[in-house]
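Work through the exercises below with the sequence and the model in view. Try each task before reading its solution.

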Amino acid sequence: MNTPAPQPADLAPILPKRKHQADKLAKRLRHQVGKAIADFGMIEDGDKVMVCLSGGKDSYTMLDVLLQLQKKAPVAFSITAVNLDQKQPGFPEHVLPEYLRSIGVDFHILEQDTYSVVSRVIPEGKTLCSLCSRLRRGALYTYAEQNGFTKIALGHHRDDLVATFFLNLFFHAKLSGMPPKLLSDDGKHVVIRPLAYVREADIEAYAEAKGFPIIPCNLCGSQENLQRKQVKKMLAQWEKETPGRIETIARALGDIRPSQLSDPKLFDFLSLGRRGDAALPDAHAWLAGTPGAPEPVAMALHPVRNHDGLDILKS
């Protein structure tokens, strides 16, 4: 027996509840993005912010929340949405311009055929994401420099930051991640991640509530690399078994204790507990067994009896 579809009268008590939930979610995202901006000094007065828009849920959410914060921000800054059309077959190039015009935001569409380059260089069957990302970053950095943008905003969220930490830990043997704010290697660009405190699940819910025209990232036929998929699967299982674990890990990334780790470049272990100023032998000396100055040897003392029958100590 089929269940009858809900009628408008049946939906009446549901709609206000959904709106209330959507309003709470929007408020939470504004709070988290605003806090990240303040904690890391992401945006200053007079900044010209380039918001990189891919057409995915993350970048749409980032742009939307930044536009809301801009209206009441304690500093004045401009926002320009920039999308890179990489000429992937089937890319719906009309979607982003139509959406951006509808909300009245300044925008620019870059056109660069990186798809052909990646397809030519990467062997068939291999993931295209790594090279594609580098070429995309180069194109966006060049445009930012040419047009005087002071900040480049990317849509990575809290879960991305945690996953990148474990990728580097498991596959590259280093404790590093994806910082909320960084200076590019050439020192020319400041990259910010305003969604650093935002859960991916909240972004998914927000994007659905707002009805963003999502463009899927599967037009080139590539998939996420195996390592990142493994890490995401592991984190999802952890979160299922122990809800809140990802949030705990995310907080830990902002509470580093160098003295409790093992990197002598970050903490001066050599000076810790030193009893003198003499140079310490290096690893070669220890491994080679190079003898140092001999320590004074304590002489053994033995009890003997004197002529009165009393015990005395004698070497």
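**Exercise 1.** How close do the axes of helix H7 (residues 158-172) and helix H9 (residues 226-241) come, and at what angle do they cross?

*Solution.* The model is predicted, with local features needing pLDDT of at least 70 and side-chain atom pairs pLDDT 80 or more, while totals for chains, interfaces and linings use all residues. Residues are numbered from 1 along each chain, and side-chain values use heavy atoms, without hydrogens and water.

Step 1. Helices are DSSP runs (H or I, at least four residues), and strands are E runs of at least two, numbered from the N terminus.

Step 2. The axes of H7 and H9 come within 9 Å and cross at roughly 120° (lines fitted to C-alpha atoms over the stretch in contact; angles run from 0 to 180 degrees between N-to-C directions).

Step 3. In the contact (heavy atoms within 4.5 Å), H7 supplies residues including Phe166, Leu167 and Phe170, and H9 supplies residues including Val231, Met234 and Trp238. The contact residues divide into ten nonpolar, three polar and two charged (Ala, Val, Leu, Ile, Met, Phe, Trp, Tyr, Cys and Pro count as nonpolar; Asp, Glu, Lys and Arg as charged; the others, Gly among them, as polar).

**Exercise 2.** Which residues of helix H4 (residues 95-103) are buried?

*Solution.* Step 1. Buried means under 20% relative accessible area, exposed over 50%, partly exposed in between (1.4 Å probe, protein chains only).

Step 2. Val95, Leu96, Pro97, Tyr99 and Leu100 are the buried residues of H4.

Step 3. Their cover includes helix H3 (57-72), strand S2 (78-85) and strand S3 (107-111).

Step 4. Just after H4, glycine 104 has a positive phi of about 70°.
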